[in-house]
Number of protein chains: 2
Amino acid sequence: VFAPPNSNAETDIRQMVALAKEMLAGEQPCAIGVSFGGPVDHDRGLVHLSHHVPGWENIRLSSLLETKLSAPVLIDNDANVAALGEHRYGAGRGYQTLLYVTVSTGVGGGWIINGQPWRGHENMAGEIGHTVVDPQGPRCLCGKRGCVERFASGRYIAQDVREELSASPGKGEILRALVQDQIASIDTKLIAEAAARGDDLAIEALKTAARALGVGIGNAANLINPPLILLGGGVTKTGDIFWEGVRQGARMTSLPEIHFEIEPAGLGDDAPLWGAIALVENYLANSMTQSA
Amino acid sequence: VFAPPNSNAETDIRQMVALAKEMLAGEQPCAIGVSFGGPVDHDRGLVHLSHHVPGWENIRLSSLLETKLSAPVLIDNDANVAALGEHRYGAGRGYQTLLYVTVSTGVGGGWIINGQPWRGHENMAGEIGHTVVDPQGPRCLCGKRGCVERFASGRYIAQDVREELSASPGKGEILRALVQDQIASIDTKLIAEAAARGDDLAIEALKTAARALGVGIGNAANLINPPLILLGGGVTKTGDIFWEGVRQGARMTSLPEIHFEIEPAGLGDDAPLWGAIALVENYLANSMTQSA
């Protein structure tokens, strides 16, 4: 469910229920999987909050939907669900352990460890976007300095480029021409286009972003030693400069004895939908084991 | 088994066997656990190498000892084994997930995830010492810049202090007096003593080391969200300045929604010995399950 502007938790839930009923068309589901864009307590079926929509603080979404839809409801946050989707149906098939990273407006992540989602003791695992790669770096939204997200998220890549264009009149000629000096309109897509045409400033911006993400991934590899890291999200579509920068940054950060592949995620924006199915499958498999 | 100077793999193994036979005094063990100070392939019973003793490259230590001692032999590297020991018998009892970090000549680490050692796909997990906390920082032994180990290990704390004393004649008065200008004799114990007496340079050195380790721990908390981080090793005995710096660095690096305790390990130098017992217990429990 995409939350429209000015929505709140109540209208969102009403829309979720209406949409589910429409899709079910009178059929009785055995269980329902939900991917939520914010911190979630999977075991308790509780949404902690949404960073974008008001009213989601400590909402028992599972119970609410179970009452309305008369079926067990499993919820998890979108990065965890996407990781599970990629593991079960996407580019992570055949790997028992992987880190999925989404590089979009923000930078999020989810783990599969030993074939299962790894959520941490507070459902907060996977926050690679807020690992620090430069304690003296620029300030991030979260209050800290030099987070991966501060360098590699679409929001900050574009913001830094716009500021650099204003500060350095001699740089970014190709990018300036491309946007006809409408600096405010610049986003990562336009930056990628300018970089592909050889724009110095755009290339440098993507390299900086990619290297910071690479350091974060290399650190994750040193800590957990997964065989596979999958990257999804809009920023990963900015081209070879970005991918080379990420791989090089990760390679330079991890120990030489540590090996891993960094590959594009396979399911695109559908990863959470497939992951929600996998959540239900896991639930049904567990119930069968328990009743056996 | 402590390796004497000029030892090699062959003499080490001979000594291990002799010691084991002496301890067993004719009794037949059901299994033997071994903690090895270097990278080990636990599943294959293979030592990859020792960074200190020659001749250990790709030695099948399990098979060699099994032949000599007529019992199944389980091996793992010392940080993993210490983590397991702390989990089963030490300060980590009651926690299903923890990170154990040893801060000694180098900085190593081992994970317990869901009650079991987490080794990674190449037995290389837990390398928090070589996570990068400052990509522009000083060069580490491993070749990279700004690793946790480069700032927080005993070797580098002492090296940096000695260099700083030589470079800045006006600083470190208390430390200089303490060592009677024998700068080469300075180690972390002397630095801790000088810091406790108020030496400016020693205090700054411990703070720098502690903060870097704290950033590494905070990043690990963001990625894996464990409830507990245990610290062992000589450097952790340098006092409150160190512990406060580590906790502050970790707190400043992890997201506000992420909570964890940083506590002293409980078993000291015996952690790997207790962990070796736990390795054997795990093995025996598994064999019983399989034969049941």
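Which residue forms a salt bridge with Lys171(B), and how far apart are the closest N and O atoms? The reply comes in point 6, after a walk through the model.

1. **Ground rules.** This is a predicted model, in which local features need pLDDT of at least 70 and side-chain atom pairs count only at pLDDT 80 or more, while totals for chains, interfaces and linings use all residues. Residues are numbered from 1 along each chain as its sequence is written, chains are lettered from A and ligands numbered from 1 in the order in which they are written, and side-chain values use heavy atoms, with hydrogens and water left out.

2. **Chain A overall.** You will find ten helices and nine strands in chain A (DSSP runs numbered from the N terminus: helices are H or I with at least four residues, strands are E with at least two). The radius of gyration of chain A is 20 Å, close to the 19 Å that the globule rule gives for 292 residues, so chain A is as compact as a globular protein of that length (the radius is taken over C-alpha atoms, and the rule is 2.2 Å times the number of residues to the power 0.38). The C-alpha trace spans about 65 × 50 × 30 Å along its principal axes.

3. **Packing in chain A.** Of its 292 residues, 53% count as buried (buried is under 20% relative accessible area, exposed over 50%, partly exposed in between, with a 1.4 Å probe and protein chains only). Taking contacts between residues at least 6 apart in sequence, 60% join residues at least 24 apart (contact means heavy atoms within 4.5 Å). For a local example, Thr188(A) lies in helix α7, residues 188-196, and is buried at 15% relative accessible area. Beyond its neighbours within four places in sequence, Thr188(A) touches Gly154(A), Ile157(A), Val235(A) and Thr238(A).

4. **The interface.** Chain B and chain A each bring 40 residues to the contact. About 3300 Å² is buried between them, with carbon and sulfur atoms giving 63% (buried area is the accessible area, 1.4 Å probe, that two parts lose on being put together, summed over both). The rule finds 26 residue pairs in polar contact across this interface, both residues at pLDDT 80 or more (a pair of N or O atoms within 3.5 Å; within protein, one must be able to donate a hydrogen and the other to accept it, and residues adjacent in sequence count only if both atoms are side-chain atoms). On the side of chain B that touches chain A, β6 (107-113), α8 (200-224) and α9 (240-253) each supply at least two residues, and α8(B) gives the most, with six.

5. Asp76(B) pairs with Arg119(B), the closest N and O atoms being 2.6 Å apart (a salt bridge is a side-chain nitrogen of Lys or Arg within 4 Å of a carboxyl oxygen of Asp or Glu). Asp76(B) sits in strand β4 (residues 73-77) and Arg119(B) in the loop between β7 (116-118) and α4 (148-152), so the pair ties together parts that are 43 residues apart in sequence. Asp76(B) is buried at 1% relative accessibility, and Arg119(B) is buried at 15%.

6. **Back to the opening.** The partner of Lys171(B) is Glu164(B), with 3.2 Å between the closest N and O atoms. Lys171(B) is partly exposed at 35% relative accessibility, and Glu164(B) is partly exposed at 30%.
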